[in-house]
Amino acid sequence: ENTRARSDDFAEKNSLPKYEYVLHPRTTGFTFIVDTLRRGDNLDAIHDITVAYPQNVPQTERHLLAGVFPREIHFHVSRHPVSTLPTGAPQLQAWCQERWGEKERRLQDFYTGGRCFDASGRSRIPPCKSERRVQLIQAASLLYWSAFIALSCAGLLLSPALRAFFLLVVLFFLGQQRAVGGVELLELACHRR
């Protein structure tokens, strides 16, 4: 509710429509990121992804902990090559606002209509996403991560070599964070060279 109120205040101050299904985008940050990625020649395209939940919508982490998971999640994905994007900051901000207007209309149609993004009224479900397959993947993930955490803790308790390796990794990450500002900046510097 607080975020919705701030978004509505922003809309009023800037003579923008109030949205019911989305919040107004942070266009200043968006244009900064796009311009920075363009300058470094690190931007190929922008993928615009709209997500909708036809039944129960998890609102907080408490819902997830209580097991209130959505039974379905619908995605609408659009790809915008960098060559099709406006170059000036004001035009790029307007472009971003237009995409958010489209998202609002798309979600309004989804929730007031047939609860589907496709005009045919049928969702396209990838063939590999059967209910049984999803349950098997969930069970395998749960087993894997539970075993990984247990074995990692046991290894740290029982193996001096693993403790030393862990300490070296922590020192490396802290050192590079202080020296260059993060692994991602170190990776970008290596990529440029």
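Q: Before we look at anything, when is a helix crossing called left-handed?
A: A crossing is left-handed if the near helix is turned anticlockwise from the far one by less than a right angle, and right-handed if clockwise. Keep in mind that this is a predicted model.

Q: At what angle do helix 6 and helix 7 cross, and within what distance do their axes come?
A: They cross at roughly 70°, and the axes come within 8 Å. Helix 6 and helix 7 are therefore roughly perpendicular to each other, because angles of 65 to 115 degrees count that way.

Q: What about helix 2 and helix 4, at what angle do they pack?
A: Helix 2, residues 27-39, packs with helix 4 at an angle of about 120°, and their axes are 9 Å apart. That makes the two helices oblique to each other.

Q: And is the crossing of helix 2 and helix 4 left-handed or right-handed?
A: Helix 2 passes helix 4 in a right-handed crossing.

Q: Changing topic: what domains does the protein have?
A: The domain assignment gives domain 1, residues 1-112, and domain 2, residues 131-192. Their C-alpha centres lie 31 Å apart.

Q: How does the lining split by class?
A: The second largest pocket is lined by nine nonpolar, two polar and three charged residues.

Note on methods: Residues are numbered from 1 along each chain as its sequence is written. This is a predicted model: local features need pLDDT of at least 70, side-chain atom pairs count only at pLDDT 80 or more; totals for chains, interfaces and linings use all residues. Side-chain values use heavy atoms; hydrogens and water are left out. Ala, Val, Leu, Ile, Met, Phe, Trp, Tyr, Cys and Pro count as nonpolar, Asp, Glu, Lys and Arg as charged, and the others, Gly among them, as polar. Domain bounds come from an automatic or database domain assignment. Axes are lines fitted to C-alpha atoms, for helices over the stretch in contact, and angles run from 0 to 180 degrees between N-to-C directions. Helices (H or I, at least four residues) and strands (E, at least two) are DSSP runs, numbered from the N terminus. Angles under 35 degrees count as roughly parallel, over 145 as roughly antiparallel, 65 to 115 as roughly perpendicular and the rest as oblique.
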